[in-house]
Amino acid sequence: MVAPPSAAAAGQAPPPAPSICVFCGSRTGAGAADADAARRVGQWIGTHGWRLVYGGGRAGLMGLVADAALAAGAAVVGVIPQSLMTRELGHQGLTELHVVQTMHERKRLMAGRSDAFLALPGGLGTLEELFEVWTWRQLGYHDKPVGLLNTGGYYDALLAFVAHAATAGYVQPAQRALLQVEREPEPLLQRLAALAPLAVAPDDYSRT
Ligand code: AMP
């Protein structure tokens, strides 16, 4: 089979780099495994030519993902409310840092700039962000893939509760199936890449 000409060879502008929105803890958690996974996510994003969209801070896993993505050559877009600039250590080394007035502005800008969503281990803020994009997908407000990185089984209890909610008749199996879950970053990121609505030619993300 003859490969189609690349965009560059055909004289067209290359497609924009896909963007992935990462939600994760503003703390690093108790074990080293989550920090390692966060760095691997950032590294994957950079080495695959993706763009990172995240909450804009240097605190916790958020800062680790951003720094690893920057070190691997990714463009990184941060979105942070003015009121959290001190508490979450607004990152001054990003490609773009948007300082907004409200949490709602932050979430709207992050979602609008992204082709896929990924939640890493985190606390209440991460859970809220995950459930919002998951439920919005369920309601048809967007069609972007949503992933959950279950590092070391951190989210096992949450997933068990969702299974319980399905047994109890409140969650449909199809709704649960909208969430892509893996324990390791790379297979999860590959799944999200394959599902992202912005079509990415396979040779565009086979550069590692
Ligand atoms: P946490 O998982 O609690 O460490 O928080 C992770 C990120 O979620 C931080 O950047 C928080 O500012 C953010 N966050 C906290 N509450 C909310 C919320 N209600 N909506 C969106 N993001 C939030």
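Predicted model: local features only at pLDDT ≥ 70, side-chain atom pairs only at ≥ 80, totals over all residues.
Residues are numbered from 1 along each chain as its sequence is written.

The protein contains seven helices and seven strands. Both kinds of element are DSSP runs numbered from the N terminus, helices being H or I with at least four residues and strands E with at least two. Their order from the N terminus is β-α-β-α-β-β-α-β-α-β-α-α-β-α. Of the 208 residues, 39% are buried. A residue is termed buried if 20 or more other C-beta atoms lie within 10 Å of its own, exposed if 12 or fewer, and partly exposed in between, with C-beta atoms placed from the backbone. Contact is defined by C-beta atoms, placed from the backbone, that lie within 7 Å. Among contacts between residues at least 6 apart in sequence, 69% join residues at least 24 apart.

An α-helix has 3.6 residues a turn, so residues three or four places apart point the same way.

Helix 1 (residues 32-47) packs against helix 7 (residues 185-195) at an angle of about 40°, with the axes 9 Å apart. Axes are lines fitted to C-alpha atoms, for helices over the stretch in contact, and angles run from 0 to 180 degrees between N-to-C directions. Helix 1 and helix 7 are therefore oblique to each other, given that angles under 35 degrees count as roughly parallel, over 145 as roughly antiparallel, 65 to 115 as roughly perpendicular and the rest as oblique. The crossing of this pair is right-handed, a term for a near helix turned clockwise from the far one by less than a right angle, anticlockwise being left-handed. A37, R40, V41 and W44 of helix 1 meet P185, E186 and L189 of helix 7. These contact residues comprise five nonpolar, no polar and two charged. Here Ala, Val, Leu, Ile, Met, Phe, Trp, Tyr, Cys and Pro count as nonpolar, Asp, Glu, Lys and Arg as charged, and the others, Gly among them, as polar.

Helix 1 also meets helix 2 (residues 60-71), where the axes come within 7 Å and cross at roughly 35°. This crossing, too, is right-handed. Residues of helix 1 in the contact include D34, A38, V41 and I45, and those of helix 2 include L61, L64, V65 and A69. By class, the contact has 11 nonpolar, three polar and three charged residues.

I45 lies in helix 1 and counts as buried, with 32 C-beta neighbours inside 10 Å. Leaving aside residues up to four places away in sequence, I45 touches I20, W50, L52, A69, A72 and A74. I45 and E186 are 141 residues apart in sequence, yet their C-alpha atoms are 9.8 Å apart in space.

Terms used. Contact = placed C-beta atoms within 7 Å.
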